[in-house]
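Q: Please show me how to read this model, one feature at a time.

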There are 2 protein chains.
Amino acid sequence: MRPADKSAVRHLDLFAGMSEEAFEALFETAYLQRFPQGVQLIGEGDPADFLHVVLDGQVELFATWNGRDTAITVLRPVSTFILAAVLRDAVYLMSARTLEASRILMIPAEKIRSVMLEDAALAQAMIRELATCYRQTVMNLKNQKLRTSTERLANYLLRLHQQQQQESVTLPFDKRTLASLLGMTPENLSRAFGTLKPYGVEVNGRDIHLTRLDELEGFAKADPLIDVPTN
Amino acid sequence: MRPADKSAVRHLDLFAGMSEEAFEALFETAYLQRFPQGVQLIGEGDPADFLHVVLDGQVELFATWNGRDTAITVLRPVSTFILAAVLRDAVYLMSARTLEASRILMIPAEKIRSVMLEDAALAQAMIRELATCYRQTVMNLKNQKLRTSTERLANYLLRLHQQQQQESVTLPFDKRTLASLLGMTPENLSRAFGTLKPYGVEVNGRDIHLTRLDELEGFAKADPLIDVPTN
DNA sequence: GCATTTGCTTGATAAATATCAAAATTTTGT
DNA sequence: ACAAAATTTTGATATTTATCAAGCAAATGC
């Protein structure tokens with residue numbers, strides 16, 4: 001493991017406020033693992049033995065039922081998953097797989113729970129982190145229940161644009177994954193892009209040109225109570 | 001306020017472990033309010049000034065976008081809402097309205113945040129509570145993304161049955177609200193009940209007879225990773 | 001370079017869900 | 001008890017979304 005990794009973890013909101021000793025106690029029990037693309041890291045229903053930290057690569061959280069599956073979110077460096085199951089000493093509600101080759105830090109769940117009882121700053125950070133995750137999931141749910149698939153796509157593109165600050169945005173993963181994340185089939189994603197063409201959305205593989213931003217914004221009706229500024 | 005109310009609040013998971021002094025400090029700043037049916041208690045986008053506790057009645061959390069609205073959850077005594085916004089000192093992501101005449105305890109958000117910094121047991125309870133809320137919302141999202149509306153209804157009825165332990169279950173609110181909660185229109189809910197008739201679902205106003213439970217279970221395919229045992 | 005796989009798109013069709021209008025039923029108020 | 005209001009149901013239709021099949025295109029392997 002590189003020193004930069006340790007520093008990156010230390011600077012996560014979750015761990016930044018901890019005492020040095022507590023952090024060391026946590027960190028020395030952790031271990032780093034490399035995974036190729038397409039590996040399932042954890043499965044729904046498994047006991048939560050580790051808190052995972054994405055140091056490099058991309059990880060998809062997804063869920064399955066009755067033969068169907070759907071992406072819930074995609075994580076990039078540096079972020080943790082899945083805290084809630086670890087804290088509740090419960091089973092995972094979601095599975096995780098790498099979307100690209102990734103380096104993942106794994107911290108034993110038991111250690112997280114015990115250190116959290118002693119380090120008040122960590123406990124407070126946990127509260128902030130959980131509250132944020134909860135709120136993001138509520139937004140995700142609102143997005144699903146209140147919008148059509150094309151509206152979800154339009155808002156997704158606008159968020160990408162806000163992050164990337166360029167007229168041409170690049171999708172961070174393949175369209176199949178995007179479709180699943182947005183709660184639609186790949187076929188429908190393709191058609192939704194077509195529907196957005198009159199609003200200045202020009203597709204070129206993973207590169208999307210957004211000419212006529214105002215028109216797209218008019219269609220999307222972005223809402224700070226649904227569309228997370230980050231991520 | 002009745003002594004029983006104070007006791008009920010004290011026994012909430014969230015407050016049960018606190019020191020007596022800390023609880024008193026919190027409780028003495030709180031005040032109780034009565035609301036008739038159909039009153040909006042808080043609105044999306046408002047700053048979170050109070051943690052609310054439902055002591056009596058029923059409260060619907062719902063969200064709005066672009067003229068549409070949807071129920072996210074319905075709360076019954078004794079439970080709190082909405083913790084995450086209070087802890088993050090953020091605006092509410094959901095609105096709340098009474099579904100029936102209700103008594104609500106309101107605890108100033110600032111007080112919650114300051115007491116939480118001093119009482120470690122409260123902080124730990126917050127962590128457990130937030131993790132639970134988060135997980136419930138993930139389940140809610142999975143329910144929406146992975147199931148059809150009729151499947152959601154079937155699983156909802158089975159959960160009601162598990163709670164009420166009777167062959168005939170009673171819907172806790174009107175069908176319009178249920179439809180919204182399940183993410184469908186009232187018209188479709190009506191038709192979904194029709195679709196479930198072959199599985200032994202007999203509707204009589206708010207009373208639903210579940211003859212042939214096994215058939216309904218076969219259709220519903222309940223999953224502990226989606227269908228919350230409580231609530 | 002060419003074949004093969006993989007990912008994406010397109011078309012035709014089906015299923016799920018929403019909308020609109022009206023009828024039927026229940027609840028509410030007096 | 002009865003009129004009025006609100007809720008629920010039903011029918012007809014439109015929209016949204018999914019499925020299935022085929023075609024196209026870009027990436028991959030040899």
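Q: Which element gives the most to the surface near DNA strand C?
A: A residue is assigned to such a surface if its C-beta atom lies within 6 Å of the strand. In this predicted model, α9(A) gives the most to the surface near DNA strand C, namely six residues. The residues surrounding DNA strand C number 18, and the closest are D174(A), K175(A), S190(A), S149(B) and M184(B).

Q: Which elements each supply at least two residues of the surface near DNA strand C?
A: On chain A they are α8 (175-181) and α9 (186-196), and on chain B they are α7 (149-164) and α9 (186-196). By class, that surface holds five nonpolar, eight polar and five charged residues.

Q: How many residues surround DNA strand D, and which are the closest?
A: DNA strand D is surrounded by 15 residues, the closest being M184(A), D174(B), K175(B), R176(B) and S190(B). At least two residues of this surface come from each of α7 (149-164) and α9 of chain A, and from each of α8 (175-181) and α9 of chain B. The largest share is that of α9(B), with four residues. The classes here are three nonpolar, seven polar and five charged.

Q: How many residues does the contact take from chain B and from chain A?
A: Two residues are in contact if their C-beta atoms lie within 7 Å. The contact takes 40 residues from chain B and 40 from chain A. On the side of chain B that touches chain A, two or more residues come from each of β3 (50-65), β4 (68-75), α4 (83-88) and α6 of chain B. Of these, α6(B) gives the most, with 21 residues. Sorted by class, this side of chain B has 21 nonpolar, nine polar and ten charged residues.

Q: How many residues of α6(B) are buried?
A: To call a residue buried, look for 20 or more other C-beta atoms within 10 Å of its own. In α6(B), 20 of the 27 residues are buried, so this helix is largely enclosed by the rest of the structure.

Q: Where do the domains of chain A lie in the numbering?
A: The domain assignment gives domain 1 as 3-144 and domain 2 as 148-220. Their C-alpha centres are 28 Å apart. Eight residues of domain 1 of chain A are in contact with six residues of domain 2 of chain A. On the domain 1 side of that contact, β5 (68-75) and α6 (120-146) of chain A are the elements that give two or more residues. The largest share, three residues, is from β5(A). That side of domain 1 comprises three nonpolar, four polar and one charged residue.

How values were computed. Residues numbered from 1 in each chain as written. Chains lettered and ligands numbered in written order. Predicted model: local features only at pLDDT ≥ 70, side-chain atom pairs only at ≥ 80, totals over all residues. Nonpolar A, V, L, I, M, F, W, Y, C, P; charged D, E, K, R; others polar. Domains from an automatic or database assignment. Buried ≥ 20, exposed ≤ 12 C-beta atoms within 10 Å, placed from the backbone.
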